[in-house]
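Good morning, colleagues. Please turn to the sequence and the structure now on display.

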Amino acid sequence: MKIRMLFVLVMVLALLAACGGTATTTGGQSSAKPLRIAVVMPSATTDLAFSQSMWSALKAVQAELGGESALELQYSENMFKVPDAAAALRDYASKGFDIVIGHGSQYGSSIQEIAPDFPKTTFAWGTDVNTFGLPNVYAYTAAAQEGGYVNGVLAARLTKSKLIGVTGPVEVGDAKTYIDGFVQGVASVDPGMRVGKTWTGSFSDVALMTEAAKTHIAAGADALTGSSQSVVGSIGAAKEKGDVLWFGTQSDQASLAPNIVVASQVYDWSSILKQMIENRKNVQHGGDTFVLQLKNGGLKIAFNRTYPLPDDVKKAAEAAIEGIKNGSIVVEP
Amino acid sequence: MSEIITSAVLIGILTSAIRLATPYLYAAIGEAISEISGVVNLGVDGIMLLSAYGAFFVALNTGNLWLGLLTGALVGVAMGLLMAFISVTLKAEQGISGIGLYMFGLGLSSLLFKTTIGTVKTVVGFQPVRIPLLSDLPFLGEVLFDQSLPVYSAFLLVPLAWFILEKTTWGLRLKAVGQTPAAADSLGVSVDRVRYLAVCVGSMLAGLAGASLSLALVNLFQENLTAGQGFIAVALVYFGGWRPLGILLGALLFSTVNAFQLWMQVLGVAIPSDVAVMLPYLLTIVVLAFTVSRVRGPAALNKPFERGEH
Amino acid sequence: MSRLVDALLPVFATLAALLIGAVMLLFLQVNPIQAYAALWNGAFGSVNAFAETLVKATPLLLVALGICISFRGDVINIGGEGQMIVGAILATWVGLTFTESPGWLVITLAMLGGFLGGAIWGGIPGLLKAYFNVNEILSTVMMNAIALQLMNLLVRGPLIDPAGVAAKTYLPQSERLPQQVWLGRLVPQTLLHSGVIIAVLLAVMVYVFLWRTTIGYRIRAVGLNPDASRYAGIPVPFYQALSLTLAGGFAGLAGVIEVIGVQHRLLEGITSGYGFSGIVAALFGGLHPLGLIPASWLFGSLLVGADMMQRAVQVPSALIDTLLGLVVLLVVGSQMWSRRLATRRVIALARKNAEAQP
């Protein structure tokens with residue numbers, strides 16, 4: 001027993017010593033201090049999809065504002081476990097970051113828990129539309145169904161086997177809306193065309209995504225699309241088969257497979273970020289919902305220049321884009 | 001439903017099933033060899049992960065898939081030596097050290113992946129190789145004889161393992177060491193040496209399981225790629241009664257249900273995906289429950305052997 | 001002297017593992033001193049960090065207490081993850097169903113329910129081992145897989161958040177529990193909740209149970225030497241099953257704590273691997289309930305520090321997971337040696353007693 005007591009005593013002493021350790025300062029804001037933004041993401045900043053879209057936007061805004069001295073950025077990537085992400089969000093807030101972004105629809109409940117504890121911090125999360133009625137929470141989303149529609153039009157016109165495959169992660173957020181739009185786009189060209197959908201149940205499980213893609217291809221699909229950071233698996237499977245076309249979203253995915261990527265819908269979050277920064281000057285920390293659209297320039301369709309797209313198909317796609325912009329085509333999420 | 005299950009779909013499901021069974025076969029047969037000698041190795045999943053990473057990394061950077069496969073096997077042997085040292089020489093509690101090995105393999109593979117590769121990338125993996133003549137057989141031809149080389153060797157392992165275990169003196173020694181180590185010892189068999197070899201062979205096969213996963217099945221590496229497949233393999237050993245044929249049946253059952261639910265989703269059959277994903281595990285438990293009283297494993301399993309004590 | 005070494009063995013193992021970690025860091029071209037400073041800072045560097053450590057230590061302690069009981073009964077419980085999940089599921093169900101009852105009642109019900117759920121989840125493998133000779137390592141691992149799939153099914157189906165359904169986001173999580181079920185917060189702006197006090201009290205209770213009650217004594221006897229215990233008339237299978245059942249109960253409690261104290265709802269990933277790291281903490285604490293208190297606190301600090309290390313110097317937290325695995329191997333490899341010596345002593349004593357009797 002004595003040894004145990006000694007052990008506990010040593011630990012208690014260590015505890016006391018640690019109490020006197022370094023404390024982080026959360027000082028007030030002076031005009032010379034840079035603005036500080038932290039972002040928590042479910043995958044790598046180089047995932048050529050969801051996370052990369054936000055990180056590129058942040059870097060672009062940073063460059064525009066004048067570099068690191070004007071805007072300090074910090075990120076936590078690969079936070080696909082929600083409790084870990086929650087700890088990171090809370091940590092950033094307690095360290096006095098001005099804007100804390102939870103970039104992932106799985107982070108909503110964490111933001112809901114943490115935001116009330118830090119009323120002076122701006123929180124933002126997406127893709128979703130719920131600000132929980134909290135004054136310091138922004139929600140942002142992308143009208144992914146718009147680009148989905150355009151991709152659907154392209155896929156329906158280019159498929160030879162008349163079977164299209166969709167590899168989805170979890171049926172939520174922009175993953176769901178993108179695919180809804182895609183299906184409508186396909187139907188607008190050929191209402192009878194078959195679109196097979198699979199949901200892996202995970203945003204991050206790339207291996208499952210690969211299996212799903214391979215199954216679609218084995219069933220005869222020659223055009224594939226999908227959403228989330230795990231699509232690299234689907235793209236890999238399509239690339240391996242050689243003649244399966246890919247339609248991307250969230251970021252420009254042409255570099256992953258230059259010969260088979262036809263087009264990608266690209267998210268541009270920078271206008272939203274700038275709005276949030278602007279609002280802080282008027283002491284507004286939240287309450288709004290932002291939506292990226294083709295109309296407001298938040299969404300863009302990037303055609304892969306390496307892929308030989310027939311003129312008539314391209315014209316059909318551009319007509320679809322115009323139609324959505326001017327409201328003549330309505331895509332329901 | 002019956003219009004959907006065309007023969008084309010059936011072929012598709014079975015082809016996927018054969019492919020998906022591959023890592024289970026390697027890992028479970030390897031674990032069976034280890035357990036027959038008396039050592040239970042719960043670290044299989046961790047070994048698979050580290051080997052999958054090693055194989056993938058080498059293949060990614062050298063472009064040579066065979067070199068990658070070799071790396072996977074070698075990583076397996078290295079981990080096996082570690083496990084053998086701790087379980088056989090140090091006579092530590094096997095279950096816990098297996099878990100420690102699992103945590104080590106899981107952590108190290110993630111660490112190395114994040115620092116040396118960073119984001120998920122794909123390679124062009126082992127491609128299917130058609131066996132002439134046999135692959136022209138109706139139905140069976142496409143399902144069995146148009147797979148990649150690691151898949152073929154996984155299935156060839158089954159009769160090979162059976163032969164070694166039942167028809168060679170080494171197999172006899174292995175079983176003796178696992179059933180009655182004291183008797184084997186008195187007959188001059190070095191219990192420790194046999195167990196070391198068994199554990200290392202088992203781990204090497206686990207290494208091949210991991211490599212087949214990252215180089216022949218999904219052709220990529222990500223954190224926790226195996227998602228517990230190693231533990232399922234350990235269960236399959238029990239399921240199959242420590243016999244290669246039983247393990248083959250178990251692995252096929254598991255992977256067929258898996259392939260089935262994937263195809264059902266693709267074809268739009270309305271099974272909620274969560275139920276579908278659960279099916280293989282549920283089936284495992286059901287079968288486990290039925291084989292419970294029937295099967296007896298190696299008597300000396302999970303008992304470190306010491307001279308002069310029994 | 002040997003008992004001092006026994007107690008400090010885990011500390012030496014951790015230091016050895018950290019040293020190996022430093023070598024690994026050098027290979028990865030990271031300054032180990034910088035990395036470990038971030039680790040320290042992350043665990044002890046601020047009030048928030050300190051609170052986070054205790055928050056992580058709580059479920060670790062609870063799981064470890066269960067492991068302690070089962071391991072003392074010579075039963076290996078790998079099923080911590082599954083038992084935690086079942087406990088969490090039951091706590092969520094209780095919290096969402098009894099919304100009209102006073103807070104203290106619901107919290108108590110949730111804890112009892114969670115304990116019961118975990119106990120059943122541990123009891124099934126326990127029974128299978130005791131009366132059908134099914135290897136508990138196998139059965140507990142299978143139960144883990146089933147529990148995980150069960151939770152997935154529930155949070156995407158019957159238990160899914162109605163707010164998520166209405167907003168069409170369908171996130172795989174349960175509805176948020178009403179505030180009366182939440183465990184009280186001890187320090188504002190942090191996650192530190194009263195669960196930590198409950199856990200420490202339980203640790204003391206487990207100590208009393210194992211060393212001061214007949215049942216506890218019998219569990220330990222069965223663990224030290226099942227043959228001698230059988231000879232002495234103790235029904236070994238029963239006590240083995242009991243120890244696994246109790247272990248499951250405590251892991252279930254850890255699940256309850258995470259739901260009502262930290263997350264306030266059921267969601268995927270709620271176990272955060274505590275089912276496995278609890279095993280490490282148990283080993284580290286020398287399988288003694290009171291030793292588990294500083295041990296789980298230390299492990300909590302390692303886990304929290306690891307996250308911080310990842311944020312501050314971009315060293316993946318996977319490094320710590322790797323080191324934890326090494327610690328297990330080192331501790332188990334060295335500790336078992338002394339345990340076997342102790343067992344030999346007990347056997348020799350039992351033989352002497354047997355020979356002395358007519």
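Predicted model: local features only at pLDDT ≥ 70, side-chain atom pairs only at ≥ 80, totals over all residues.

**A buried threonine and its surroundings**

Thr225(A) has a relative accessible area of 0%, so it is buried. Thr225(A) is located in strand β8 of chain A, which spans residues 223-226. Which residues does Thr225(A) touch, if those up to four places away in sequence are not counted? They are Gly165(A), Val166(A), Thr167(A), Tyr178(A), Phe182(A), Trp246(A) and Phe247(A).

Chain A contains 10 helices and 12 strands. Its C-alpha atoms fill a box of roughly 75 × 55 × 35 Å along the principal axes. Of the 333 residues in chain A, 61% are buried. If we take contacts in chain A between residues at least 6 apart in sequence, 67% of them join residues at least 24 apart.

I now turn to the aromatic rings. A pair of such rings is described by two quantities, the distance of the centres and the angle of the planes. Over all chains, the count is 25 aromatic pairs. For Tyr267(A) and Trp269(A), the ring centres are 5.4 Å apart and the planes stand at 80°, so this pair is edge-to-face. Both Tyr267(A) and Trp269(A) are buried. In chain B, the rings of Tyr238(B) and Trp242(B) have centres 5.5 Å apart and planes at 70°; this pair is therefore edge-to-face. Tyr238(B) and Trp242(B) are both buried. Ring pairs also link Tyr53(B), Phe57(B), Phe113(B) and Phe221(B) into a cluster.

Charged side chains meet rings as well. Arg36(A) lies over the face of Phe97(A), 4.1 Å from the ring centre. The charged end of Lys314(A) sits over the ring of Phe303(A), at 5.1 Å from its centre.

Finally, I come to a pair of helices in chain B. Helix α2 (residues 44-62) and helix α3 (residues 65-89) of chain B pack with their axes 7 Å apart, at an angle of about 150°. Are α2(B) and α3(B) roughly parallel or roughly antiparallel to each other? An angle over 145 degrees counts as roughly antiparallel, and α2(B) and α3(B) are therefore described in that way. Their crossing is right-handed. On the α2(B) side, the residues that meet α3(B) include Gly46(B), Leu50(B), Gly54(B) and Val58(B). On the α3(B) side, Gly68(B), Gly72(B), Val75(B) and Gly76(B) are among them.

Conventions:
Residues numbered from 1 in each chain as written. Chains lettered and ligands numbered in written order. Heavy atoms only, no water. Phe/Tyr/Trp six-rings, centres within 6.5 Å; stacked < 30°, edge-to-face > 60°. Buried < 20%, exposed > 50% of the residue type's maximum accessible area, 1.4 Å probe, protein only. Lys NZ or Arg CZ within 6 Å of the ring centre and 35° of its normal. Axes fitted to C-alpha atoms, helices over the stretch in contact; angles between N-to-C directions. Helix = DSSP H or I, 4+ residues; strand = E, 2+ residues; numbered from the N terminus. Parallel < 35°, antiparallel > 145°, perpendicular 65-115°, else oblique. Left-handed = near helix turned anticlockwise from the far one by under 90°. Contact = heavy atoms within 4.5 Å.
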